[in-house]
Amino acid sequence: MTATIIDGKAFAAKVRAQVAGHVARLKEEQGITPGLAVVLVGEDPASEVYVRNKGRQTVEVGM
């Protein structure tokens, strides 16, 4: 068996582009803008960073 190296950043960019396309189509055809809801329990700094980054990514794809 051989290993395959995956470019994670390129793969993530491809997925974000696909999601952005789906979001745009949903807005255009159905008039629906999806969003992100998060429930953050406690004050874990790593969790706060994770949630903040997910929030930025949703804005980037048009949510």
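Which residues does the UniProt annotation "domain: Tetrahydrofolate dehydrogenase/cyclohydrolase catalytic" cover? According to that record, an unreviewed entry, the annotation covers residues 6–63; UniProt positions are given in the numbering used here, feature names are shortened, and annotations may be inferred rather than shown by experiment. The structure is a predicted model, in which local features need pLDDT of at least 70 and side-chain atom pairs count only at pLDDT 80 or more, while totals for chains, interfaces and linings use all residues. Residues are numbered from 1 along each chain as its sequence is written, and side-chain values use heavy atoms, with hydrogens and water left out.

Helices (H or I, at least four residues) and strands (E, at least two) are DSSP runs, numbered from the N terminus.

Helix α1 takes in residues 8–30, which makes 23 residues, and from its first C-alpha to its last it reaches 32 Å, close to the 33 Å expected at 1.5 Å a residue; the expected span is 1.5 Å times one less than the number of residues. The N-terminal end of α1 is capped by Asp-7, which has a side-chain oxygen 3.2 Å from the backbone nitrogen of Lys-9. Just after α1 comes Gly-31, with a positive phi of about 70 degrees.

In the loop between α1 and α2 we find Asp-44. The side chain of Asp-44 makes a polar contact with the side chain of Ser-47, at 3.0 Å; a polar contact is a pair of N or O atoms within 3.5 Å, where, within protein, one must be able to donate a hydrogen and the other to accept it, and residues adjacent in sequence count only if both atoms are side-chain atoms.

Helix α2 has 16 residues and reaches 23 Å from its first C-alpha to its last, close to the 22 Å expected at 1.5 Å a residue. Glu-60 lies in this helix, α2, and Glu-60 counts as exposed because its relative accessibility is 59%, where buried means under 20% relative accessible area, exposed over 50%, and partly exposed in between (1.4 Å probe, protein chains only). Although Glu-60 and Ala-12 are 48 residues apart in sequence, they are 13 Å apart in space, C-alpha to C-alpha.

Just after α2, Gly-62 takes a positive phi of about 95 degrees. Met-63, in the segment after α2, has a relative accessible area of 31% and is therefore partly exposed.
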